[in-house]
Amino acid sequence: LSGRLMSRLSGSIRILDMHFDAKGLENLSRLIKGHEGRYKNIMVLAKADRLGREFSSNYWDFIDELKKKNVAFELRVIPEELTVEQHERLIIDDNTAYKIPPLNIINKKSEHIVSVNHSEAMDRFEYFWSKSVKFENTKHEI
């Protein structure tokens, strides 16, 4: 999957995944390994209910690793009332967009990656991004 999908993506990587959690962060780290030079930043939108203590400790380590490779990372939490509006998971770069399985199980369901309309995916991502709060500004366990 890393070679088939992540090696094709470049520039700003946007991920919309309501189920993003510690396992999703771990899988994302594996997926981008060796391809970091292709990305300038990674932006993730997620739901708050899966971002507990285990996630928090891994989050800061992940940010530090990406900084060493000159890749910015930002996670924003979608307000709970908006989460019912979004069911699909998306990964978007500067030119392409794909519907993906949840990152916390993507290693088990990689065959379900489907190309989607880039403009529509970007509009959806930007809508949620503008209404979301940076992870650092939310109440989370440390």
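Let's start with Asp21. Asp21 is buried, with a relative accessible area of 13%. Buried means under 20% relative accessible area, exposed is over 50%, and partly exposed lies in between, using a 1.4 Å probe and protein chains only.

A word on the source. This is a predicted model, where local features need pLDDT of at least 70, side-chain atom pairs count only at pLDDT 80 or more, and totals for chains, interfaces and linings use all residues. Residues are numbered from 1 along each chain as its sequence is written, and side-chain values use heavy atoms, with hydrogens and water left out.

Back to Asp21. What does the side chain of Asp21 meet in a salt bridge? Arg50, at 3.6 Å, N to O. This pair links distant parts of the chain, 29 residues apart. Asp21 sits in the loop between β1 and α2, and Arg50 in the loop between β2 and α3. Arg50 is partly exposed, at 33% relative accessibility.

By salt bridge I mean a side-chain nitrogen of Lys or Arg within 4 Å of a carboxyl oxygen of Asp or Glu. The structure holds 10 of them.

Next, Glu126 and Arg14. Their side chains form a salt bridge at 4.0 Å, N to O. Glu126 is in helix α4, residues 118–131, and Arg14 in strand β1, residues 11–16, so the pair ties together parts 112 residues apart in sequence. Helices (H or I, at least four residues) and strands (E, at least two) are DSSP runs, numbered from the N terminus. Arg14 is buried at 10%. Glu126 is partly exposed at 36%.

Last pair: Asp49 with Lys47, 3.9 Å, N to O. Asp49 is exposed, at 54% relative accessibility.

And one network: salt bridges with shared partners join Arg14, Asp94 and Glu126.
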